[in-house]
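Let's walk through this model together, starting with a single side chain and working towards the packing.

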Amino acid sequence: MDITKEYEECMHKLIKKLEEEFMQIIANPKLDKKEKNLRTKPLVTKKQILLNTLESLKLVERSSNGE
């Protein structure tokens, strides 16, 4: 297994955990809309960073393979 696949698997696990945490916050009836927004924004940002990193890794791999 190449390193990009290992990173991809790891990032997908992290994304899944972020999504689970996101859903717990959204489902919490004790939080108002503002509090939910404050708690979910960092999770959304982290997810986007992971997705961008994953795309960059795939791009580098394609470039190194001459595609």
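Is Ser56 buried, partly exposed or exposed? At 41% relative accessibility, Ser56 counts as partly exposed, where buried means under 20% relative accessible area, exposed over 50%, and partly exposed in between, using a 1.4 Å probe and protein chains only. Before going further, a word on the ground rules: this is a predicted model, so local features need pLDDT of at least 70 and side-chain atom pairs count only at pLDDT 80 or more, while totals for chains, interfaces and linings use all residues. Residues are numbered from 1 along each chain as its sequence is written, and side-chain values use heavy atoms, with hydrogens and water left out.

Ser56 sits in helix α2; helices here are DSSP runs of H or I with at least four residues, strands are runs of E with at least two, and both are numbered from the N terminus.

Now look at how the helices sit together. The axes of α1 and α2 come within 10 Å and cross at roughly 165°; these axes are lines fitted to C-alpha atoms, for helices over the stretch in contact, with angles running from 0 to 180 degrees between N-to-C directions. That makes α1 and α2 roughly antiparallel to each other, a label for angles over 145 degrees, with under 35 counting as roughly parallel, 65 to 115 as roughly perpendicular and the rest as oblique.

What holds the middle of the picture? The largest nonpolar core has eight residues: Met11, Ile15, Leu18, Ile25, Leu31, Leu43, Leu50 and Leu54. Such a core is a set of buried Ala, Val, Leu, Ile, Met, Phe, Trp, Tyr and Cys residues joined through side-chain atoms within 4.5 Å. Two or more of its residues come from each of α1 (3-27) and α2 (33-64), and α1 gives the most, with four. Take Ile15 as an example: leaving aside neighbours within four places in sequence, Ile15 is in contact (heavy atoms within 4.5 Å) with Lys47, Leu50 and Leu51.

Glu8, in helix α1, is buried at 16% relative accessible area, and beyond its neighbours within four places in sequence it contacts Leu54 and Lys58. Over in α2, Glu61 is partly exposed at 22%. Not counting residues up to four places away in sequence, Glu61 touches Asp2 and Thr4.
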